[in-house]
Amino acid sequence: MSNYHIKHLEEYFQVYRKSVRNPEGFWEEVAEEHFLWRKKWNSVLEWDFTKPEIKWFDGAQLNITENCLDRHLNIRGDKTAILFEPNDPNDPAEHITYRQLHERVCRYANVLKDQGVGRGDRVVIYLPMIPDLAISVLACARIGAIHSVVFAGFSSTALATRINDCGAKMVLTSDGSYRGSKAIDLKGIVDEALKQCPDVKSVLVTKRTGSEINMKEGRDQWVQPLLDKAYADCSPEIMNSEDPLFILYTSGSTGRPKGMVHTTGGYMVYTAYTFKNVFQYKEEDIYWCTADIGWITGHSYIVYGPLANGATTVMFEGVPSYPDFGRFWEVVQKHKVTQFYTAPTAIRALAKENLDFVTKYDLSSLKVLGTVGEPINEEAWHWYNDHVGDKKCPIVDTWWQTETGGILISPIPYSTPTKPTYATLPMPGIQPALMDENGKEIKGNQVDGRLCIKFPWPSIARTIWGDHARYKDTYFSAFEGKYFTGDGALRDEVGYYRITGRVDDVIIVSGHNLGTAPIEDAINEHPAVAESAIVGFPHDIKGNALYGYIILKETGETRNRENLAKEINQLITEHIGPIAKLDKIQFVPGLPKTRSGKIMRRILRKIASKDTSNLGDTSTLLNPEVVEQIMKESL
Ligand code: PRX
């Protein structure tokens, strides 16, 4: 029996049991049989969740790009590795073969080296979904530099914070980016950000939109002429299994984003393994994940997981609504996509449109559908199942996080019977636990609690860049000896998991993780604002939208409220990005607080969701009169 490819339910249970009985033996077998190592490990796993310290395949040496590129050259060098589908459907798609990708990555890697980038240096990548994004990610990995991709929808302030946090001296970007019918001035955003980043010495710019941009003498260079001159081969830097591969930022409960650090060997093994199984990937498949490489989904399941399996991975520059709402399905038909992986928010948005946008395309190539990023509601699940999958494609509702590196809970298609809204069963090696508020594990089925993981898996993030104490505090302190996910979940009568949502101050809007603290910090910068509190409320398409309760200073009280609301959203756009804009803003005289001064967000959430029949325990509430007034004036 191969551990690597699970083909039916009984096999899943066998593999799962084996993986839990002997995790080290299990992962060792997978790692040995399917990857190229320059040197074998001294130990498979060393771990201590109290420190916390986790090491997989310690002592082993490898380069992940050798696994994603070089080893495919003899067997599938002329196979398409990246299938680039541009924003404009009238522009031709680009098929980049493994051989071409290898060459382009090597050239890019040599350019980086010429610019003085080396092992362990951080490189921030702020590029749209064009081939240079994937190529530069791999080029960093080729030379042992640590990439930190910042989603190209983030604002200049958010970009600057991330550049400074990881201490990058180089930024990779493009002149502009396309988003549907709009062109966005990316380089302008970088220029603005770099005013706050004195350590950045060099910026390489890919030409995409051809728009006029400023090139700062001595700092900025077009990358293409450098690539043209660069040598087409670059021997891989031999890395240790536990060397950092990348940093990816995620929101947290304070204003500072958390730079999650992922390392090399374990991340490679786990993302490749889960890609193979969750998508039941086969050699001739055309796999498409619609995420942006700026998020973990793109890292693990557009770039590393698929390429480590020698797959053809579609990279889509556009948006689902341009030129019309049939764009996704047009691409599926055109490239005969076999696995399609997207977010519930996209499904909900498309389900609202005329069904003709779907039915006019031939989607019969599809075999597996996937969702990720937030809970999928039943209606959206059925729409996806009925109209996209024609009731023939299993839907994999994949639960995981930036921190987990890869998918932890998901059905395995054609093995695990699916159930709408359920992520179902843990992947091999994953040991979930539901905990009660007193820190006790809740055993048995038909229970709910806080979702923890009891045992390490190979792609768990190893630390927060520059702040190990925060890593410990955020993930390993709430429940002793366990990784706490921040999510609530229930386990049904057969042991299937359903994720019910965040139990902390993170709100998921259109699949994007937004911490309330950074948004509140941005709002509080407005000179007329005294204090603010943000909560989420249910939204048909976005899943959650943001509701802001804002107290004005006396000086602000006389200002026009509509203008104020606009200015506040403008500030949020500048500090974080348009994704964090508030849908509703209510100016309030005060905020409900406990006697110890903590904002009672639970109450604000209920008011925002128009669910005020039972506000729960308000005995610790200091100012009930404020709640009355907020309710009366709620939007
Ligand atoms: O709340 C969970 C939700 O997204 C959070 C992680 O967000 P992020 O780090 O941005 O990674 C998203 C892509 C992996 C989780 O804590 N989430 C993710 N997938 C699901 C989900 N909630 C319900 N069902 C899912 N399938």
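For the classes used at the first stop, Ala, Val, Leu, Ile, Met, Phe, Trp, Tyr, Cys and Pro count as nonpolar, Asp, Glu, Lys and Arg as charged, and the others, Gly among them, as polar. The model is predicted: local features need pLDDT of at least 70, side-chain atom pairs count only at pLDDT 80 or more, and totals for chains, interfaces and linings use all residues. Residues are numbered from 1 along each chain as its sequence is written.

**Stop 1**

The ligand is surrounded by 21 residues, of which Pro375, Gln401, Thr402, Ile499 and Asn513 are the closest. Two or more shell residues come from each of helix H11 (296-308) and strands E20 (395-398), E24 (483-491) and E25 (497-502). Helices (H or I, at least four residues) and strands (E, at least two) are DSSP runs, numbered from the N terminus. E24 gives the largest share, three residues. The shell comprises eight nonpolar, nine polar and four charged residues.

**Stop 2: the seven-stranded sheet**

Next, display the open sheet of seven strands, whose order is E5-E4-E17-E16-E18-E19-E20 and whose pairing is mixed. Strands count as paired if DSSP finds at least two bridges between them. Strand E5 (94-97) and E20 stand at the edges with a single partner strand each, so one side of each has no neighbour in the sheet. From one strand to the next, the twist averages 20°; axes are lines fitted to C-alpha atoms, for helices over the stretch in contact, and angles run from 0 to 180 degrees between N-to-C directions.

**Stop 3: strand E18**

Are the residues of strand E18 (residues 339-342) buried or exposed? Gln339 and Tyr341 on one side, and Phe340 and Thr342 on the other, are all buried. A residue is buried if 20 or more other C-beta atoms lie within 10 Å of its own, exposed if 12 or fewer, and partly exposed in between, with C-beta atoms placed from the backbone. Strand E16 (residues 286-289) pairs with E18 in the parallel sense over three bridges, and Tyr287 has Gln339 as its bridge partner in E18. Strand E19 (residues 368-372) runs parallel to E18, joined by four bridges. Here Tyr341 stands opposite Gly370 and Thr342 opposite Thr371.

**Stop 4: Thr65**

Select Thr65 in helix H3 (residues 64-68). Thr65 is buried because 28 other C-beta atoms lie within 10 Å. Excluding residues up to four places away in sequence, Thr65 touches Val105, Leu138, Ala141, Arg142 and Pro236; contact requires C-beta atoms, placed from the backbone, within 7 Å. Thr65 and Pro236 are 171 residues apart along the chain, with their C-alpha atoms separated by 7.5 Å.

**Stop 5: annotated spans and helix H17**

Colour residues 70-461, where UniProt places "domain: AMP-dependent synthetase/ligase" (unreviewed entry). This span, 70-461, is 31% helix and 22% strand, and its end C-alpha atoms lie 26 Å apart. UniProt places "domain: AMP-binding enzyme C-terminal" (unreviewed entry) at residues 519-598. The end C-alpha atoms of 519-598 lie 17 Å apart, and the span is 26% helix and 31% strand. UniProt positions are given in the numbering used here, feature names are shortened, and annotations may be inferred rather than shown by experiment.

Finally, select helix H17 (residues 516-524), where Thr516, Pro518, Ile519, Glu520, Ala522 and Ile523 are buried. The elements against which these buried residues of H17 pack include strand E28 (529-539), strand E29 (543-552) and helix H18 (561-575).

Methods:
A residue is near a molecule or strand if its C-beta atom, placed from the backbone, lies within 6 Å of it. Two residues are in contact if their C-beta atoms, placed from the backbone, lie within 7 Å.
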